[in-house]
Amino acid sequence: EHILRTQIPEGLKHMNVNTVAVVGAGTIGSGLAVDLAVHGYQVILNDLTEQGLEQAKQTMRSDMRSYRM
């Protein structure tokens with residue numbers, strides 16, 4: 001049985017994180033960006049193409065409306 005265990009370095013344990021970058025604006029990346037934004041993080045979304053970012057923006061607007069309901 002393989003279990004991935006991650007240890008957080010001591011200096012990062014008490015770090016305040018306000019901004020998160022998400023690389024890739026596809027289905028998972030844009031969904032993750034919406035979830036992070038809903039939970040109060042400032043999100044920087046990056047993708048290889050402007051078209052990918054524009055499509056993600058439309059999807060994210062729709063997703064955000066469902067969070068507000």
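Helices here are DSSP runs of H or I with at least four residues, and strands are runs of E with at least two. By that count, this predicted model has two helices and two strands. Reading from the N terminus, the order is β-α-β-α.

Let's start with the strands. β1 (residues 19-23) and β2 run parallel, paired over five bridges. To get from β1 to β2 the chain passes through α1, and this β-α-β crossover is right-handed. Within the pair, Val 22 sits opposite Leu 45 in β2.

Tyr 41 lies in the loop between α1 (27-38) and β2 (42-46), while Gln 51 belongs to helix α2 (residues 50-68). Here's how their accessibility compares:

| Residue | Relative accessibility | Class |
|---|---|---|
| Tyr 41 | 33% | partly exposed |
| Gln 51 | 63% | exposed |

Gln 51 counts as exposed because its 63% is over the 50% cut-off.

As for the whole protein, 14% of its 69 residues count as buried. Among contacts with a separation of 6 or more, 37% join residues 24 or more positions apart.

Note on methods: Residues are numbered from 1 along each chain as its sequence is written. This is a predicted model: local features need pLDDT of at least 70, side-chain atom pairs count only at pLDDT 80 or more; totals for chains, interfaces and linings use all residues. Side-chain values use heavy atoms; hydrogens and water are left out. Buried means under 20% relative accessible area, exposed over 50%, partly exposed in between (1.4 Å probe, protein chains only). Two strands pair if DSSP finds at least two bridges between them. A crossover is right-handed if, with the strands pointing away from the viewer, the path from the first strand over the helix to the second runs clockwise. Contact means heavy atoms within 4.5 Å.
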